[in-house]
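Reader: I am new to this structure and would like to go through it one question at a time. Please show it first.

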Amino acid sequence: MPILDELRRRFGDAIVETDDHRGDLTAVVARDGVLGVLAHCRDEAALAFEVLMDLTAVDYQKFPGREDGPRFEVVYHLYSIARNHRLRLKVRVDEDDASVPSAVALWPIADWLEREVWDMFGVRFEGHPDLRRLLLYEEFVGHPLRKDYPINRRQPLIGPAT
Amino acid sequence: MGVGGFFTSKLDEAIGWARKYSIFQYPFVTACCGMEYMATACSHYDIDRFGAGLPRFSPRQADVLFVVGTISHKMAPVLKRIYDQMTEPKWVVAFGVCTCTGGFYANYATVQGIDTIIPVDVYIPGCPPRPESVIDGLMKLQDKITAQVQRY
């Protein structure tokens, strides 16, 4: 696909892997290059990805065949209204260094999406203006969508709001 | 039982009878059970027949707290505060399995039954409960109100 070829040609080693599944484009990007790739995707006229549709993460800790690899994958879903095409970008990070550069400067919506990923997976976003929990309360201990969070763990009830 | 006891028990009955037909509910609606609550409240099932036709959206003017829908841990302090703001006498109805036990939301985010936070008088199970179950629960609440011994 032209989009993936163009990305590989322009960014070289920063593009770790690409996949084209029946027109469903995916590129795995090295962490250091991700902000550059995202900015290029947004600003290049031929790509014009104005919308960050979604930003989420996946925990591969217990995924068959990937137990030894990097534990988390942060996933960006981009969409272009002008050109009506989509692109998925992935960044792999290890558990002991789970942090990714923040995309808030590129798309303001990334603010809450990154806070949700921090809340649920404990992946930090460097340069985020206000990285607090989004959905859970401040006193919550742990990150519940990690695969090693016990499904039966109950946290103590928090007191009345003051 | 002396003459005084006779009068207070008759007074209890009279107060209970009056109270059970003037239920002002506070619908604390957070989730899909709210649809079934609306169906019950509207003309087809018509809870006005039981004197419960007027929901009050201020806890200070309500007697019965209808907790309708899933309560998350983040919502729990709000529910507790609403309950504390209601004046005596007050009753609580747990509407739907999520409020009764947490339902199928056996997870990190959901309160496993609102009776871990506030006392509950009537549990109406169902996901969501049919209006008939709601009316049954309401009538059980009325029985409870009638039988209640007043503190003078």
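The questions below take up each chain in turn and then the contact between them.

Reader: Is this model predicted or experimental, and what must the pLDDT be for local features?

Author: The model is predicted. Local features are therefore given under a condition on pLDDT, which must be at least 70.

Reader: How many helices and strands does chain A have, and in what pattern do the elements run?

Author: Chain A contains three helices and seven strands. Starting at the N terminus, the elements of chain A follow the pattern α-β-β-α-β-β-β-β-α-β.

Reader: What box do the C-alpha atoms of chain A fill?

Author: The box is taken along the principal axes of chain A. Buried residues are 23% of the 162 residues in chain A. The box is roughly 55 × 40 × 25 Å.

Reader: In what order do the strands of the open sheet in chain A lie, and which are the edge strands?

Author: The open sheet has five strands with mixed pairing, in the order S1-S2-S5-S4-S3 of chain A. An edge strand pairs on one side only, and in chain A this holds for S1 and strand S3 (51-59). From one strand to the next, the twist averages 20 degrees. The edge strands of chain A are S1 and S3.

Reader: In which sense do S3(A) and S4(A) pair, and which residue is the bridge partner of A:Val58?

Author: S3(A) and S4(A) pair over eight bridges, in the antiparallel sense. The bridge partner of A:Val58 lies in S4(A) and is A:Glu73.

Reader: Which strands does H1(A) touch, and what angle does its direction make with that of S1(A)?

Author: H1(A) packs on the sheet and touches S1, S2 and S5 of chain A. Its direction makes an angle with that of S1(A) of about 175 degrees.

Reader: Where does helix H3 of chain A lie, and at what angle to S3(A)?

Author: Helix H3 covers residues 110-121 of chain A. It lies across S3 and S4 of chain A, and its angle to S3(A) is about 10 degrees.

Reader: Why are the buried residues of helix H2 of chain A on the same side?

Author: Helix H2 (residues 34-43) of chain A has the buried residues A:Val37, A:Leu38 and A:Cys41. They lie on the same side of H2(A) because the arc they cover around the axis is only 100 degrees. An α-helix has 3.6 residues a turn, so residues three or four places apart point the same way. The buried residues of H2(A) pack against helix H1 (2-11), strand S2 (24-29), strand S4 (72-80) and strand S5 (85-93) of chain A.

Reader: What pattern does chain B follow, and why is chain B called as compact as a globular protein of that length?

Author: Chain B has five helices and four strands, and along the sequence they follow the pattern α-β-α-β-α-β-α-β-α. The globule rule gives 15 Å for 152 residues, and chain B is called as compact as a globular protein of that length because its radius of gyration is close to that value, at 16 Å.

Reader: What share of the contacts in chain B join residues at least 24 apart?

Author: The C-alpha trace of chain B spans about 55 × 35 × 25 Å along its principal axes, and 35% of its 152 residues are buried. The share is taken among contacts between residues at least 6 apart in sequence, and for chain B it is 80%. In chain A, counted among contacts between residues at least 6 apart in sequence, the share is 49%.

Reader: Is B:Ile15 buried, exposed or partly exposed?

Author: B:Ile15 sits in helix H1 (residues 3-20) of chain B. From C-alpha to C-alpha, B:Ile15 and B:Val149 are 9.6 Å apart in space and 134 residues apart in sequence. Since B:Ile15 has 15 other C-beta atoms within 10 Å, it is partly exposed.

Reader: Is B:Phe57 buried or exposed?

Author: B:Phe57 belongs to the loop between helix H2 (33-41) and strand S2 (64-68) of chain B. It is 33 residues from B:Phe24 in sequence and 9.5 Å from it in space, C-alpha to C-alpha. With 9 other C-beta atoms within 10 Å, B:Phe57 is exposed.

Key:
Residues are numbered from 1 along each chain as its sequence is written. Chains are lettered from A and ligands numbered from 1 in the order in which they are written. This is a predicted model: local features need pLDDT of at least 70, side-chain atom pairs count only at pLDDT 80 or more; totals for chains, interfaces and linings use all residues. A residue is buried if 20 or more other C-beta atoms lie within 10 Å of its own, exposed if 12 or fewer, and partly exposed in between; C-beta atoms are placed from the backbone. Helices (H or I, at least four residues) and strands (E, at least two) are DSSP runs, numbered from the N terminus. The arc is that of the directions from the helix axis to the C-beta atoms. Two residues are in contact if their C-beta atoms, placed from the backbone, lie within 7 Å. The radius of gyration is taken over C-alpha atoms; the globule rule is 2.2 Å times the number of residues to the power 0.38. Two strands pair if DSSP finds at least two bridges between them. Axes are lines fitted to C-alpha atoms, for helices over the stretch in contact, and angles run from 0 to 180 degrees between N-to-C directions.
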